[in-house]
Amino acid sequence: MSEVLLQIDGNEVRATEGMTILEAAREAGVSIPTLCHHEKLEAHGGCRLCMVEVEERGRSKLVVSCIYPVANDQAVTTRSEQVDRIRKMILELLLAHAPDSETLLELGREYGADKDRFDKQASFCINCGLCVRYCAEVKKADAVGFLDRGTRRDIAFIPEIAARECWQCKECFPLCPTSALQAAYMLVSSLAFPEARHQAPSEC
Amino acid sequence: MDSERVDQIIEEYQCEASALIQILLRIQEEAHWLSRNALERVSERLGVSMTRIMHIATFYKAFSLVPKGRHEVHICVGTACHVRGAERVLDSVEEATGLKPGETDLDLKFSLETVNCVGCCALGPVMQVDKKTYGKLSAGETINVLQSYE
Ligand code: SF4
Ligand code: FES
Ligand code: FES
């Protein structure tokens with residue numbers, strides 16, 4: 001693993017080959033906002049909130065920092081007018097789906113996003129895939145997955161698996177940037193395995 | 001489709017997880033839908049999780065999770081066909097079969113769908129039944145075509 005030297009927001013940063021810009025930045029104490037990124041999971045690159053500007057060989061471009069690898073002589077800018085504008089737009093679009101999400105509202109304040117800019121489409125889930133990937137990659141339970149595609153894409157629990165696995169786990173709940181996940185689980189559990197609730201040991 | 005037939009199809013592909021979509025397409029083609037039993041069998045034999053299979057089965061329009069008719073009728077309502085009278089063709093099909101787009105009749109004979117341009121606009125208005133394409137249709141011809149299917 002060879003060492004890579006790059007610049008982040010004007011400061012020299014040392015990183016290891018194979019790291020992403022996001023990892024290098026976090027190690028150097030520079031924060032970049034993320035929604036779909038999680039250390040334990042494969043990079044997903046779905047929400048695009050971690051977009052930064054990178055100047056390489058005299059050309060500047062916008063890249064998704066959680067999947068873009070570091071390289072020598074990169075000059076990374078984590079905040080600029082353009083980056084902020086993109087993040088604001090992403091947040092406004094997501095807020096149309098999950099207007100009550102604390103995570104999104106907080107980021108929205110930071111980037112001056114207007115939560116009422118777009119008509120509300122209350123799907124609540126923003127398709128970040130954290131729950132789906134966590135369940136598949138970390139827990140290897142595959143209890144929750146995506147259905148359909150495009151604007152109709154949504155998460156769903158497979159009731160049989162959920163009845164078996166989820167009650168003792170629920171580790172994905174706190175990962176969700178909205179409360180869609182919990183709501184979906186409650187719905188499935190009440191419809192598909194109403195007795196599970198009584199049989200399960202009570203939590204204290 | 002019984003699970004033996006599903007197994008046969010799976011074995012033709014050596015239980016390769018990478019052949020998942022091919023296998024689903026074969027089941028869809030023969031059974032005209034993907035039943036829960038079939039999907040569970042595929043999941044078990046290929047070692048692919050049910051969530052993954054459901055993701056794929058709902059992603060592609062070629063798959064259906066509800067039974068479809070033996071014959072899939074696709075009426076093109078793309079721009080060219082629309083101008084050339086797709087509406088008339090659609091109306092006569094709806095009348096003859098009693099179906100609206102997206103529906104399947106109780107005898108599982110026909111499933112009706114509208115599509116947007118099948119790539120032969122010069123033949124418009126176009127209807128496809130299964131894999132056969134009928135062009136320059138009048139309302140009367142449309143009915144004749146449908147009647148030729150069992
Ligand atoms: S339910 Fe929550 S964690 Fe799961 S994909 Fe949707 S927003 Fe992400
Ligand atoms: S955190 Fe990088 S795309 Fe979501
Ligand atoms: S519009 Fe019907 S084939 Fe192109």
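Predicted model: local features only at pLDDT ≥ 70, side-chain atom pairs only at ≥ 80, totals over all residues.
Reader: Why does F59(B) count as partly exposed?

Author: F59(B) has 31% relative accessibility, and buried means under 20% relative accessible area, exposed over 50%, partly exposed in between, with a 1.4 Å probe and protein chains only. So F59(B) counts as partly exposed. Residues are numbered from 1 along each chain as its sequence is written, chains are lettered from A and ligands numbered from 1 in the order in which they are written, and side-chain values use heavy atoms, with hydrogens and water left out.

Reader: What makes the pair of F59(B) and Y60(B) edge-to-face?

Author: Rings of Phe, Tyr and Trp (its six-membered ring) pair if their centres lie within 6.5 Å; planes under 30 degrees apart are stacked, over 60 edge-to-face, and the rest tilted. For F59(B) and Y60(B) the centres are 5.0 Å apart and the planes at 75°, so the pair is edge-to-face. Y60(B) is partly exposed as well, at 37%.

Reader: How many aromatic pairs does the rule give over all chains?

Author: The count is 4. Among them is F173(A) with Y185(A), edge-to-face at 5.4 Å centre to centre and 65° between the planes. F173(A) sits in the loop between α5 (159-165) and α6 (180-192) of chain A, while Y185(A) is in helix α6, 12 residues apart. Helices (H or I, at least four residues) and strands (E, at least two) are DSSP runs, numbered from the N terminus. Ring pairs also link F157(A), F173(A) and Y185(A) into a cluster.

Reader: Are F173(A) and Y185(A) buried or exposed?

Author: F173(A) has a relative accessible area of 13%, so F173(A) is buried. Y185(A) comes in at 1%, so Y185(A) is buried too.

Reader: What does L181(A) touch, leaving aside neighbours within four places in sequence?

Author: L181(A), in helix α6 of chain A, is in contact (heavy atoms within 4.5 Å) with C131(A), I155(A), F157(A), C172(A), F173(A) and C176(A). L181(A) is buried, with a relative accessible area of 1%.

Reader: How do you know that the charged end of K170(A) sits over the ring of W167(A)?

Author: The rule wants NZ of Lys or CZ of Arg within 6 Å of the ring centre and within 35 degrees of the ring normal. K170(A) is 4.0 Å from the centre of the W167(A) ring. R149(A) does the like with the ring of F59(B), 5.4 Å from its centre.

Reader: What makes R36(B) and E160(A) a salt bridge?

Author: A salt bridge is a side-chain nitrogen of Lys or Arg within 4 Å of a carboxyl oxygen of Asp or Glu. The closest N and O atoms of R36(B) and E160(A) are 3.0 Å apart, and the pair forms a salt bridge. The rule finds 1 salt bridge across the interface of chain A and chain B.

Reader: What area is buried between chain A and chain B?

Author: About 920 Å², of which carbon and sulfur atoms give 60%. Buried area here is the accessible area (1.4 Å probe) that two parts lose on being put together, summed over both. The contact takes 12 residues from chain A and 9 residues from chain B.
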